[in-house]
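Subject: Structure for you to look at

Dear colleague,

I am passing on the structure below, with notes on what was found in it. Please read them with the structure open beside you.

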Amino acid sequence: MAETFVRTSMLAPSQMPIAQVGMVSWIRRHLLAGPKDTILTMLACALIFYTVTHLINWLLVQAVWVGSDRTVCATIAQGGLQPDGWSGACWAFVGAKFEQFVFGRYPLEERWRPILVAGLLVFLLAPMLVPSIPRKALNALLLLVPFPVISFFLLYGGLGLPIVETPLWGGLMVTLLLSFVGIAVSFPFGILLALGRQSQLPLVRWGSIAFIEVIRGVPLITVLFMASVMLPLFLPVGWTVDHLLRALIGVSLFGSAYIAEVIRGGLQAVPKRQYEGAESLGLSYWQKMWLIVVPQAIKLVIPGIVNTFIGMFKDTSLVSIIGMFDLLGIVRLNFGDPVWATPVTPMTGLLFAGFVFWLFCFGMSKYSGFVERKLDTGRKG
Amino acid sequence: MSVHNRMSVLMNNSALRGVAIQVLLGMAMLSVAWVIAQNAAGNLQRANIRSGFDFLDARAGFEIARPLIQYTSDSTYGRALVVGLLNTMLIAATGIVAATIIGFLVGIGRLSSNWLIARLCALYVEVFRNLPPLLLVFFWYLGILSVLPQPRESLRLPLNLFLNNRGLTFPAPVPSEGLGGVAAVFVAGLLLSFVLARWARIRQAKTGRRFPTLLVSVGLVVVLTTVAFVAAGAPLSFNYPVAGTFNITGGTVLGPEFISLFMALSFYTASFIAEIVRAGIQGVPKGQTEAAKALGLKPSAVMSLIVIPQAFRIIIPPLTSQYLNLTKNSSLAIAVGFSDLIAVGGTTLNQTGQAIEIIAIWMLIYLTLSVMTSVFMNWFNAKVALVER
């Protein structure tokens with residue numbers, strides 16, 4: 001009797017062909033999918049190789065890290081120590097000016113004050129940004145009421161501290177101050193303007209529309225000029241407005257109009273039944289808006305709000321045009337310093353300033369992405 | 001009914017309350033405006049400044065480098081502002097074209113199946129959109145262009161271009177007799193292509209047969225123009241720049257101010273346009289691509305006939321606001337001394353003290369430019385928008 005074969009165990013699956021698995025297949029699929037892709041990949045590789053080698057060479061290998069004046073960063077023909085034809089980053093310049101880039105001309109012995117304010121800010125802001133930490137309301141209250149008051153006295157002086165006039169302020173400190181105050185002021189005003197734009201009252205509605213559209217239709221620099229040149233004209237004789245305050249007013253006016261448009265998008269996206277439900281509960285206009293509509297609207301447009309904040313942060317660099325020394329302004333001011341003036345100084349200083357700006361903006365956009373995923377409002381919004 | 005009750009009835013009448021709030025608000029706004037006007041009038045009188053637009057007819061007294069229209073320091077402030085406006089429009093128009101080209105290339109590149117290209121394009125976007133445009137302007141102006149060699153050691157580029165710290169010198173076209181005729185033929189060729197495109201569309205709607213409109217039109221325009229050019233005896237020559245001992249003579253110069261502003265604005269705005277283009281293409285539902293493939297269309301036809309027309313509907317509104325942003329950002333010209341509307345206005349403001357008038361002119365012109373761009377883009381948007389049945 002012939003034996004029948006019955007398989008009792010499964011065969012082990014055989015390996016996938018080498019061309020479809022691992023590195024090789026990945027490279028085939030993503031880099032060498034066809035003649036066109038192969039050429040593109042080769043071109044990109046050449047570009048990357050050329051750029052990266054030159055960048056590393058300029059930024060690190062040829063760079064000058066220590067030195068006390070321009071001679072270390074200038075070639076012999078330019079009156080320095082480097083061989084002719086040399087070019088590299090002059091990090092010694094950034095090192096020598098670093099404190100000035102951060103604090104401007106803020107007096108040396110008082111610099112603990114802005115540092116303390118920055119520390120307080122980090123201490124209060126960090127728990128706000130981590131969604132899992134409780135007591136957000138108390139935290140926000142601390143951040144919005146006592147913190148600005150304390151910061152004002154710490155930075156400006158008074159209450160026993162020596163007064164530091166605002167023209168001495170500068171650098172990264174002013175950039176951060178302008179953006180934080182600008183954001184903090186324009187956010188509530190933006191909400192009010194957005195509500196005003198939807199108001200039933202014609203005067204309020206048309207007033208809000210006119211403000212928003214005019215500000216959004218013109219460049220920030222005209223608004224800054226308006227704040228710095230026209231504002232003094234509008235005030236009674238003898239009244240002067242601090243230059244920093246003028247810039248703050250300009251930045252806040254500008255930011256409010258942009259925030260208002262973002263919030264309006266959110267207000268329009270809140271379903272009508274939410275408005276109606278609130279009204280049927282007998283809530284007043286402000287209760288309805290404050291408790292029901294605005295919180296939902298804000299949640300819907302968080303990405304847009306953060307983008308506007310990033311834009312405001314970048315836009316603060318424009319105050320250097322009306323004579324303020326923010327980070328970019330003070331870096332540029334130092335290109336004129338004869339002790340450090342060399343052909344590579346501007347490039348080095350701008351790369352440093354650019355890196356700082358980039359770090360803040362990139363950080364904000366990554367944080368916005370994180371919150372968006374957390375609330376999962378991005379796609380629905 | 002007691003007095004108290006009557007009051008509360010009035011208070012709770014929302015229409016009445018609305019009127020009351022508006023009257024109060026209107027009065028507050030009017031009184032603030034009145035105080036401001038009083039203060040401004042007083043301050044202007046003390047500073048000996050006559051308000052009004054008479055200053056526009058006064059002699060400007062400052063030079064503008066490379067004006068687009070006839071202008072000397074003896075011209076009026078009004079003419080100076082027109083020169084500034086033309087410069088603003090020049091930088092905005094060239095910047096928009098360049099930013100659109102770079103932005104579309106990078107945006108499509110980000111969706112490339114080639115991993116390396118997609119990463120490179122993503123890197124471009126992340127770097128440029130997180131930097132202040134003013135910093136980019138300075139980067140080109142102070143970091144690169146101003147440290148280029150002196151004119152006598154100019155960098156020689158192909159096509160007789162010379163690059164030095166005074167800008168880019170390129171051969172200047174010199175038209176001679178008969179070029180107008182060639183231009184007329186060129187325009188006629190364009191008109192003919194429009195007629196051709198219309199005929200092709202109607203024929204396709206009727207018979208379903210397609211006609212290679214683009215190829216034929218381009219051929220038509222190029223061939224007609226070339227024939228006319230040769231027939232007229234090549235009525236165009238170039239004034240080539242020549243390197244002398246100390247300077248470069250001949251040719252036309254693009255100043256470093258214009259180049260740095262142009263480069264910064266186009267690179268910056270392109271990073272935003274790239275994101276808009278990517279989002280637009282990704283916003284076309286996958287079913288559309290799959291259906292097109294199922295119909296047997298080849299990949300290029302899927303792109304050009306199905307995906308791109310639908311992506312454009314998503315792309316155009318945000319693209320409009322990017323164009324407006326670029327136009328507004330062209331005001332950064334003042335930082336490098338390119339004589340745009342803001343820079344010329346700023347000089348005028350410093351010389352005459354007519355702050356209110358100058359700022360009013362700025363705002364009016366920028367608002368007009370914004371409205372014009374919006375109207376044009378809305379018209380274009382309406383053309384490509386979905387026609388719903």
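**Cysteines and domains**

Counting as a disulfide any pair of cysteine sulfur atoms within 2.5 Å, one disulfide is found over all chains. The pair is Cys73(A) and Cys90(A), whose sulfurs are 1.9 Å from each other. Both partners sit in the loop between α2 (35–61) and α3 (91–103) of chain A, so the bond ties together parts that are 17 residues apart in sequence; the helices here are DSSP runs of H or I with at least four residues, numbered from the N terminus.

Taking buried to mean under 20% relative accessible area, with a 1.4 Å probe and protein chains only, Cys73(A) is buried at 1%, and Cys90(A) is buried at 0%. Cys361(A), also at 0%, is likewise buried.

Chain B is divided into domain 1 (3–46) and domain 2 (77–144 + 258–384), with bounds that come from an automatic or database domain assignment. The C-alpha centres of these two domains of chain B are 43 Å apart.

Please bear in mind that this is a predicted model, in which local features need pLDDT of at least 70 and side-chain atom pairs count only at pLDDT 80 or more, while totals for chains, interfaces and linings use all residues. Residues are numbered from 1 along each chain as its sequence is written, chains are lettered from A and ligands numbered from 1 in the order in which they are written, and side-chain values use heavy atoms, with hydrogens and water left out.

How values were computed. Helices (H or I, at least four residues) and strands (E, at least two) are DSSP runs, numbered from the N terminus. Buried means under 20% relative accessible area, exposed over 50%, partly exposed in between (1.4 Å probe, protein chains only).
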